[in-house]
Amino acid sequence: IPERKAILDALRNKLREYDLLPIVFDFERPTDKDFTETIKTLASISYFVIADVTNPKSSPLELQATVPDYQIPFVPIIQEGEKPFSMMADLQTKYPWILKTRTYDSIETLMKTLKPRIIDPAIEMHNRLRLNKAQEQVTESLKDFLDKSM
(Lines give C-alpha, C1' and ligand atoms only; values in the text may rest on other atoms or scores of the structure.)
Protein backbone atom coordinates (compact mmCIF):
# COMPACT_ATOMS: atom_id res chain seq x y z
CA ILE A 1 0.00 0.00 0.00
CA PRO A 2 1.57 3.33 -1.04
CA GLU A 3 0.44 5.13 2.15
CA ARG A 4 2.15 2.55 4.40
CA LYS A 5 5.30 2.72 2.26
CA ALA A 6 5.35 6.54 2.57
CA ILE A 7 5.20 6.23 6.36
CA LEU A 8 8.01 3.67 6.45
CA ASP A 9 10.15 5.84 4.14
CA ALA A 10 9.51 8.93 6.29
CA LEU A 11 10.46 6.99 9.44
CA ARG A 12 13.62 5.70 7.77
CA ASN A 13 14.70 9.20 6.73
CA LYS A 14 13.88 10.82 10.07
CA LEU A 15 15.64 8.12 12.10
CA ARG A 16 18.81 8.77 10.10
CA GLU A 17 18.69 12.40 11.25
CA TYR A 18 19.24 11.07 14.80
CA ASP A 19 22.28 9.00 13.75
CA LEU A 20 20.31 5.78 13.86
CA LEU A 21 20.60 3.11 11.19
CA PRO A 22 17.04 2.05 10.35
CA ILE A 23 16.31 -1.24 8.68
CA VAL A 24 12.89 -1.26 7.08
CA PHE A 25 11.58 -4.71 6.31
CA ASP A 26 9.86 -4.01 3.01
CA PHE A 27 11.88 -6.17 0.66
CA GLU A 28 11.40 -9.50 -1.07
CA ARG A 29 11.93 -12.73 0.82
CA PRO A 30 15.57 -13.81 0.80
CA THR A 31 16.21 -17.08 -0.97
CA ASP A 32 18.13 -18.73 1.88
CA LYS A 33 15.76 -17.84 4.77
CA ASP A 34 12.04 -17.54 5.27
CA PHE A 35 10.41 -14.28 6.40
CA THR A 36 10.32 -15.26 10.07
CA GLU A 37 14.01 -16.16 10.13
CA THR A 38 14.86 -12.87 8.45
CA ILE A 39 12.74 -10.84 10.88
CA LYS A 40 14.30 -12.64 13.85
CA THR A 41 17.82 -12.00 12.52
CA LEU A 42 17.10 -8.30 12.04
CA ALA A 43 15.44 -7.98 15.46
CA SER A 44 18.37 -9.67 17.17
CA ILE A 45 20.77 -6.95 16.01
CA SER A 46 18.42 -4.03 16.63
CA TYR A 47 18.60 -1.42 19.38
CA PHE A 48 14.80 -1.16 19.25
CA VAL A 49 11.97 -1.95 16.85
CA ILE A 50 9.21 0.33 15.63
CA ALA A 51 6.34 -1.83 14.38
CA ASP A 52 3.53 -0.23 12.41
CA VAL A 53 0.52 -2.39 13.23
CA THR A 54 -1.93 -0.47 11.04
CA ASN A 55 -3.88 -2.97 8.92
CA PRO A 56 -1.49 -5.75 9.90
CA LYS A 57 -0.90 -8.59 7.53
CA SER A 58 2.20 -10.27 8.90
CA SER A 59 3.15 -8.06 11.86
CA PRO A 60 1.16 -10.11 14.44
CA LEU A 61 3.11 -13.23 13.48
CA GLU A 62 6.39 -11.30 13.31
CA LEU A 63 5.85 -9.83 16.79
CA GLN A 64 4.89 -13.23 18.21
CA ALA A 65 8.05 -14.70 16.66
CA THR A 66 10.41 -12.03 18.03
CA VAL A 67 9.08 -10.41 21.19
CA PRO A 68 9.34 -13.50 23.46
CA ASP A 69 12.89 -14.26 22.30
CA TYR A 70 14.48 -10.81 22.27
CA GLN A 71 14.39 -8.43 25.19
CA ILE A 72 14.61 -5.30 23.10
CA PRO A 73 12.16 -2.41 23.08
CA PHE A 74 9.30 -2.71 20.63
CA VAL A 75 7.30 0.44 19.94
CA PRO A 76 4.03 -0.29 18.17
CA ILE A 77 2.52 2.55 16.16
CA ILE A 78 -0.90 2.65 14.54
CA GLN A 79 -2.82 5.11 12.45
CA GLU A 80 -5.52 6.92 14.42
CA GLY A 81 -8.92 5.30 14.01
CA GLU A 82 -7.49 1.80 13.57
CA LYS A 83 -7.62 -0.89 16.24
CA PRO A 84 -4.58 -2.98 17.22
CA PHE A 85 -4.86 -6.69 16.44
CA SER A 86 -6.40 -8.66 19.30
CA MET A 87 -3.16 -10.34 20.47
CA MET A 88 -1.41 -6.98 20.92
CA ALA A 89 -2.82 -6.47 24.43
CA ASP A 90 -1.66 -9.96 25.42
CA LEU A 91 1.87 -9.27 24.18
CA GLN A 92 2.02 -5.89 25.95
CA THR A 93 0.80 -7.40 29.22
CA LYS A 94 3.22 -10.32 29.12
CA TYR A 95 6.33 -8.54 27.82
CA PRO A 96 7.13 -5.20 29.48
CA TRP A 97 9.60 -4.26 26.75
CA ILE A 98 6.67 -3.60 24.41
CA LEU A 99 5.85 0.04 24.96
CA LYS A 100 2.37 1.53 24.75
CA THR A 101 0.96 1.69 21.25
CA ARG A 102 1.34 5.18 19.81
CA THR A 103 -1.36 6.50 17.49
CA TYR A 104 -0.67 9.02 14.76
CA ASP A 105 -3.03 11.03 12.57
CA SER A 106 -0.50 12.00 9.91
CA ILE A 107 3.09 11.57 8.80
CA GLU A 108 3.74 15.12 10.03
CA THR A 109 2.56 14.30 13.58
CA LEU A 110 4.59 11.11 13.55
CA MET A 111 7.75 12.94 12.46
CA LYS A 112 7.32 15.77 15.00
CA THR A 113 6.87 13.35 17.89
CA LEU A 114 9.31 10.65 16.77
CA LYS A 115 12.17 11.63 19.06
CA PRO A 116 10.33 12.51 22.30
CA ARG A 117 7.56 9.87 22.11
CA ILE A 118 9.20 6.95 20.27
CA ILE A 119 13.00 7.13 20.15
CA ASP A 120 13.62 8.51 23.66
CA PRO A 121 11.28 6.03 25.42
CA ALA A 122 12.75 3.15 23.37
CA ILE A 123 16.29 4.13 24.34
CA GLU A 124 15.23 4.52 27.97
CA MET A 125 13.72 1.01 27.91
CA HIS A 126 16.85 -0.32 26.17
CA ASN A 127 19.00 1.10 28.98
CA ARG A 128 16.71 -0.35 31.67
CA LEU A 129 16.82 -3.78 30.05
CA ARG A 130 20.61 -3.58 29.76
CA LEU A 131 20.92 -2.76 33.48
CA ASN A 132 18.63 -5.66 34.39
CA LYS A 133 20.69 -8.06 32.30
CA ALA A 134 23.93 -6.82 33.88
CA GLN A 135 22.78 -7.34 37.46
CA GLU A 136 24.58 -10.00 39.40
CA GLN A 137 22.54 -13.10 40.01
CA VAL A 138 21.48 -13.40 43.62
CA THR A 139 21.48 -16.78 45.29
CA GLU A 140 19.93 -17.85 48.55
CA SER A 141 21.44 -20.43 50.86
CA LEU A 142 18.91 -22.97 52.03
CA LYS A 143 21.32 -24.06 54.75
CA ASP A 144 21.50 -20.47 56.08
CA PHE A 145 17.71 -20.38 56.10
CA LEU A 146 17.54 -23.55 58.17
CA ASP A 147 20.26 -22.31 60.55
CA LYS A 148 18.39 -19.02 61.14
CA SER A 149 15.05 -20.69 61.73
CA MET A 150 16.33 -23.07 64.38
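## Thr 54 and its surroundings

The backbone nitrogen of Gln 79 lies 2.8 Å from a polar atom of the side chain of Thr 54, and the side chain of Thr 54 also makes a polar contact with the side chain of Asp 52, at 2.7 Å. A polar contact here is a pair of N or O atoms within 3.5 Å; within protein, one must be able to donate a hydrogen and the other to accept it, and residues adjacent in sequence count only if both atoms are side-chain atoms. This is a predicted model, in which local features need pLDDT of at least 70 and side-chain atom pairs count only at pLDDT 80 or more, while totals for chains, interfaces and linings use all residues. Residues are numbered from 1 along each chain as its sequence is written, and side-chain values use heavy atoms, with hydrogens and water left out.

Thr 54 sits in the loop between strand 1 (49–52) and helix 3, where helices (H or I, at least four residues) and strands (E, at least two) are DSSP runs numbered from the N terminus. Thr 54 has a relative accessible area of 3% and is therefore buried, a word used for values under 20%, with exposed meaning over 50% and partly exposed in between (1.4 Å probe, protein chains only). Not counting residues up to four places away in sequence, Thr 54 touches Arg 4, Ile 77, Ile 78, Gln 79, Glu 82 and Tyr 104, contact being defined as heavy atoms within 4.5 Å.

## Other loop residues

Ser 106 is found in the loop between strand 3 (102–104) and helix 5. A polar contact of 3.4 Å joins its side chain to that of Asp 105, and a polar atom of the Ser 106 side chain lies 3.1 Å from the backbone nitrogen of Thr 109. Ser 106 and Gln 79 are 27 residues apart along the chain, yet their C-alpha atoms are separated by 7.7 Å.

Leaving aside neighbours within four places in sequence, Pro 73 is in contact with Tyr 47, Phe 48, Val 49, Trp 97, Leu 99, Ala 122, Met 125, His 126 and Leu 129. Asp 19, in the loop between helix 1 and helix 2, is exposed, with a relative accessible area of 75%, and its phi is near 60°, a positive value in a residue other than glycine.

## Helix 1 against helix 5

Two packed helices are described by the angle between their axes and the distance between the axes. The axes of helix 1 (residues 2–17) and helix 5 (residues 107–134) come within 10 Å and cross at roughly 45°; axes are lines fitted to C-alpha atoms, for helices over the stretch in contact, and angles run from 0 to 180 degrees between N-to-C directions. Helix 1 is therefore oblique to helix 5, given that angles under 35 degrees count as roughly parallel, over 145 as roughly antiparallel, 65 to 115 as roughly perpendicular and the rest as oblique.

Helix 1 contributes Ala 6, Ile 7, Ala 10, Leu 11, Lys 14 and Leu 15 to the contact, and helix 5 contributes Ile 107, Leu 110, Met 111, Leu 114 and Ile 119. By class, the residues of this contact divide into 10 nonpolar, no polar and 1 charged; Ala, Val, Leu, Ile, Met, Phe, Trp, Tyr, Cys and Pro count as nonpolar, Asp, Glu, Lys and Arg as charged, and the others, Gly among them, as polar.

## Helix 3 and its two partners

The axes of helix 2 (residues 35–44) and helix 3 (residues 59–66) come within 10 Å and cross at roughly 55°, which means that helix 2 is oblique to helix 3. Their crossing is right-handed, and the contact has 3 nonpolar, 2 polar and 2 charged residues.

Helix 3 also packs with helix 4 (residues 87–94), at an angle of about 20° and with the axes 11 Å apart, so helix 3 and helix 4 are roughly parallel to each other. This crossing is left-handed. Pro 60, Leu 63 and Gln 64 in helix 3 meet Met 87, Met 88 and Leu 91 in helix 4, a contact with 5 nonpolar, 1 polar and no charged residues.

Note on methods. Left-handed = near helix turned anticlockwise from the far one by under 90°.
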